[in-house]
Amino acid sequence: NQQNELGNYNIDIEGFAFSPSELTIKQGETVTWTNKDSVRHSIISDSGSELSSSLFSTSETYSHTFNTPGEFDYHCGAHPSMKAKIIVE
């Protein structure tokens, strides 16, 4: 079963939470976050600068391609209690 194109993954932001809150992908794949809340959110790395979005509103998206393996913990810049993780293999 060959995959001809790199995977694209979606994470919903809903109810002040990231769903799924942990996602494992392969190097070179892309994650797109979609804001389904009525308030603005952002995607910010806990450490480093891999993820750094501006605040985006309802129905807006932010996409990032992960080219480096590792674990990337992130949070919402406006709501630091919202936490999640991307694992890149």
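## Aromatic pairs

The structure, a predicted model, holds five aromatic pairs. Rings of Phe, Tyr and Trp (its six-membered ring) pair if their centres lie within 6.5 Å; planes under 30 degrees apart count as stacked, over 60 as edge-to-face and the rest as tilted. Strands (E, at least two residues) are DSSP runs, numbered from the N terminus.

F18 is buried, at a relative accessible area of 5%. Y74 is buried too, at 0%. Buried means under 20% relative accessible area, with exposed over 50% and partly exposed in between (1.4 Å probe, protein chains only). The rings of F66 and F72 have centres 5.3 Å apart and planes at 50°, so that pair is tilted. F66 is buried at 0%, and F72 is buried at 14%. One aromatic cluster is formed by F18, W33, F56, Y62 and Y74.

## The nonpolar core

The largest nonpolar core has 19 residues. Such a core is a set of buried Ala, Val, Leu, Ile, Met, Phe, Trp, Tyr and Cys residues joined through side-chain atoms within 4.5 Å. F18, W33, I43, F66, Y74 and I86 have the most contacts inside it. Two or more residues each come from β1 (8-13), β3, β4 (30-35), β7 and β8. Strand β8 gives the most, with three residues.

F18 also has contacts (heavy atoms within 4.5 Å). Leaving aside neighbours within four places in sequence, the partners of F18 include I11, I13, W33, I43, Y74, M82 and A84. Among the others are D12, S42, H75 and K83.

## The sheet

Four strands form an open sheet in the order β3-β8-β7-β5, with mixed pairing. Two strands pair if DSSP finds at least two bridges between them. The edge strands, β3 (22-25) and β5 (44-45), each pair on one side only.

Strands β7 (residues 70-75) and β8 (residues 83-88) pair in the antiparallel sense, over six bridges. H75 stands opposite K83 in β8.

## Basis of the values

Residues are numbered from 1 along each chain as its sequence is written, and side-chain values use heavy atoms, leaving out hydrogens and water. In this predicted model, local features need pLDDT of at least 70 and side-chain atom pairs count only at pLDDT 80 or more, while totals for chains, interfaces and linings use all residues.
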